[in-house]
Amino acid sequence: MNETAEFGRAAVDWIDRLAAVSEPGPGVTRMPFSDEHRRVLPLVQEMMEDAGLSVSMDAAGTLIGRRKGPAGAPVLLLGSHQDSVRQGGAYDGAMGVVLPALALKAIRGEELPFAIELLCFADEEGARFPTALMGPRALAGTFDMASLELKDPDGISLRRAMTDFGLEPEELPGLKRDPAGIIGWIECHIEQGPVLEAEGEALGVVTAICGIERHAVRLTGQAAHAGTVPMALRRDTLAGAAELVAAVEARARGTDGLLATVGALRVQPGVVNAVPGAVDMTVEIRAPEDAVREAAGTALTDAARRIADARGLEVEMTRTYAQAATPCDAGLQDALEAAIRASGGEGRRLASGATHDSSAMADLCPVAMMFLACRDGVSHNPAEYCPPEVMGQAVAAYTTLLSRMGAEGR
Ligand SMILES: [Zn+2]
């Protein structure tokens, strides 16, 4: 068996062992600061120790495996998250800890001019508390202490869950790191989309994590009898909404990298024999470049107004949420691409439409992400799957990347 195949086999072993620690039911359910979280930590620790790392846990519940560097040397941060969504997959998060651990094991004997910390964050998904990314936010100094009072569906506050887990939430502000001592953060993650698989590529380099904005749209017209009001005299809000849905799709199809979605639509009165008098809908826009996203938001707001005017409707379109894009570091992207090419891939560049730990780490240091091909683009689902050969290739790329960064004395 060659080295890449061995990496793939070892990755499958660890993924299976970690996935077995789950609430009952299909797929993986591992909430932060839960019994499952507590039970998975000794396994992650074993995996880190197997890679020669010394393991500790910080006040945010982040498990940290550290590989020493020369005195005063900077540190390179690697990792991802332990938690899942409810009935999620085995790869999302966990894989981003397993693969670098295997790479660090492979280069155990090699000397590097920097230290490495492998981080396993407690809560990325936000599936238990209405907040997320606490681990990286604590390191970046952007964690809002007021979030500690947020409650899970059982009424347990984040503060209480952490305290019960043996953590000291009051120590969170002290976790803030000095960016001067940090080379960067590199995360690998299942793509959660179909792009790499469609192109026959195992691995990809993330250019940016898309920014997101959301709008609430309300169209108001006149509810009326479907049999008595002639077509020319109607103020049909659903027909107007349909035009806007088509405009949203056309804008995104015609703009490189732009994604736009009408995901929710509510029709009133919503009966078979009435002209709809009101429609509430959402518009979500994502793009790797903020200017592209904002231009789309403005253009679609104008389009909504034009469509409403032409049909005698009233429209209210309000931006309810906005989150800026996170560009990945150009130098780390090039280094990742070169390492992927050395392992036989192309180093295809693509944007991430989903948020990751990297989004919060970008407030601390340069970030980069490697994506792994995902079967049928399925994720946040028990059917999520990444082939062993893809994972093996990713471990090989990590070893190349770390060795080369070492040789360059970064
Ligand atoms: Zn994830």
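## Helices, rings and loops in a predicted model

Helix 2 and helix 3 pack with their axes 8 Å apart, at an angle of about 25°. That makes helix 2 roughly parallel to helix 3. Here, angles under 35 degrees count as roughly parallel, over 145 as roughly antiparallel, 65 to 115 as roughly perpendicular and the rest as oblique. The axes are lines fitted to C-alpha atoms, for helices over the stretch in contact, and the angles run from 0 to 180 degrees between N-to-C directions. Helices (H or I, at least four residues) and strands (E, at least two) are DSSP runs, numbered from the N terminus.

Before going on, please keep in mind that this is a predicted model, in which local features need pLDDT of at least 70 and side-chain atom pairs count only at pLDDT 80 or more, while totals for chains, interfaces and linings use all residues. Residues are numbered from 1 along each chain as its sequence is written, and side-chain values use heavy atoms, with hydrogens and water left out.

### Two partners for helix 3

Which residues bring helix 2 and helix 3 together? Val44, Met47, Met48 and Asp50 in helix 2 meet Val97, Val98, Ala101 and Lys105 in helix 3, where contact means heavy atoms within 4.5 Å. This contact divides into six nonpolar residues, no polar ones and two charged ones. In this sorting, Ala, Val, Leu, Ile, Met, Phe, Trp, Tyr, Cys and Pro count as nonpolar, Asp, Glu, Lys and Arg as charged, and the others, Gly among them, as polar.

Helix 3 (residues 95-106) also meets helix 1 (residues 3-19): their axes come within 10 Å and cross at roughly 135°. Helix 1 and helix 3 are therefore oblique to each other. Their crossing is right-handed; a crossing gets that name if the near helix is turned clockwise from the far one by less than a right angle, and left-handed if anticlockwise. On the helix 1 side, the contact is made by Phe7, Ala10, Ala11, Trp14, Ile15 and Leu18, and on the helix 3 side by Met95, Val98, Leu99, Leu102 and Ala106. Sorted by type, the residues of this contact are eleven nonpolar, no polar and no charged.

### Aromatic pairs

Now for the rings. The structure holds three aromatic pairs. Rings of Phe, Tyr and Trp (its six-membered ring) pair if their centres lie within 6.5 Å; planes under 30 degrees apart count as stacked, over 60 as edge-to-face and the rest as tilted. Two of the pairs are described here.

| Pair | Ring centres | Angle of planes | Kind |
|---|---|---|---|
| Tyr91 and Tyr385 | 6.0 Å apart | 80° | edge-to-face |
| Phe121 and Trp185 | 5.6 Å apart | 45° | tilted |

Tyr91 is buried at 9% relative accessible area, whereas Tyr385 is partly exposed at 28%. Buried means under 20% relative accessible area, exposed over 50%, and partly exposed in between (1.4 Å probe, protein chains only).

The Phe121 and Trp185 pair joins strand 4 (residues 115-121), which holds Phe121, with strand 5 (residues 182-190), which holds Trp185, 64 residues apart. Phe121 is buried, with 0% relative accessible area, and Trp185 is also buried, at 0%.

### Backbone details

Where does the chain have a cis peptide bond? One runs from Gln268 to Pro269, with omega near 0°. Pro269 lies in the loop between strand 10 (265-268) and strand 11 (274-275).

Phe33 is not a glycine, yet it has a positive phi of about 60°. Phe33 belongs to the loop between helix 1 and helix 2 (35-50) and is buried at 6% relative accessibility. Leu133, not a glycine either, has a positive phi of about 65°. The loop between strand 4 and helix 4 (134-140) holds Leu133, and Leu133 is buried, with a relative accessible area of 7%.

### Two residues and their surroundings

Not counting residues up to four places away in sequence, Leu336 touches Val205, Ala368, Met369, Met370 and Leu401.

Val229 lies in the loop between strand 8 (224-225) and helix 7 (237-253) and is partly exposed at 21% relative accessibility. Leaving aside neighbours within four places in sequence, Val229 is in contact with Ala224 and Arg234.
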